[in-house]
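Keep the model open as you read.

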Amino acid sequence: MTTTTAPTETPTSLETPIDVRIVLGVLWTTMVLVFAYVDLFGFYRADVLEAALEGRMASTPFVVNQIFLVATLGYILVPTLMVTLSLVLHRRLNRVLTIVVALVVALVIIGSINGETWVYYWVGSLVEVLLLAAIVRTAWGWRV
């Protein structure tokens, strides 16, 4: 007669600690993707599309020109580059930069919903701010 023994327990992926740099990189990636999709979905709105075709930003005094587009690119490059920077920077610099950038981006997002009436934009902005809060919390708790 053969007896079988219970298999030895092995840790699951949830029990294995994930490097903070990877967590931050994934959170930044997710935030940038939500940010991009909220903006892309805007082009399904007639007011946004009409304004874009006229060379302006809907519901704002901004004219779309080279200065505006370079400034917009600069704004979106910061969180986009944080995906890579969170993986390669020295831990102390990484922690401080992550907290500062996440807080500034969150404040800009909160400011941008002023006067917005579309629910998708509010929901997307809420998700972005919650992801940024998770980024700040993760970086804040990082022992360097």
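Axes are lines fitted to C-alpha atoms, for helices over the stretch in contact, and angles run from 0 to 180 degrees between N-to-C directions. Helices are DSSP runs (H or I, at least four residues), numbered from the N terminus. This is a predicted model, in which local features need pLDDT of at least 70, side-chain atom pairs count only at pLDDT 80 or more, and totals for chains, interfaces and linings use all residues. Residues are numbered from 1 along each chain as its sequence is written, and side-chain values use heavy atoms, with hydrogens and water left out.

Start with H1 and helix H5 (residues 119–140). Their axes lie 9 Å apart, at an angle of about 165 degrees. H1 is therefore roughly antiparallel to H5 (angles over 145 degrees count as such). The crossing of H1 with H5 is left-handed: the near helix is turned anticlockwise from the far one by less than a right angle.

Contact means heavy atoms within 4.5 Å. On the H1 side, the residues touching H5 include Leu-27, Val-34 and Phe-41. H5 contributes, among others, Tyr-121, Glu-128 and Leu-132. The contact of H1 with H5 counts 18 nonpolar residues, 3 polar and 1 charged. Here Ala, Val, Leu, Ile, Met, Phe, Trp, Tyr, Cys and Pro are nonpolar, Asp, Glu, Lys and Arg are charged, and the others, Gly among them, are polar.

Now turn to helix H3 (residues 66–88). It packs on H1 (residues 20–41) at about 160 degrees, with the axes 7 Å apart. H1 and H3 are therefore roughly antiparallel. Their crossing is left-handed. Among the residues that meet are Arg-21 and Trp-28 in H1, and Tyr-75 and Pro-79 in H3. The contact of H1 with H3 has 13 nonpolar, 4 polar and 1 charged.

Note on methods:
Helices (H or I, at least four residues) and strands (E, at least two) are DSSP runs, numbered from the N terminus. Angles under 35 degrees count as roughly parallel, over 145 as roughly antiparallel, 65 to 115 as roughly perpendicular and the rest as oblique.
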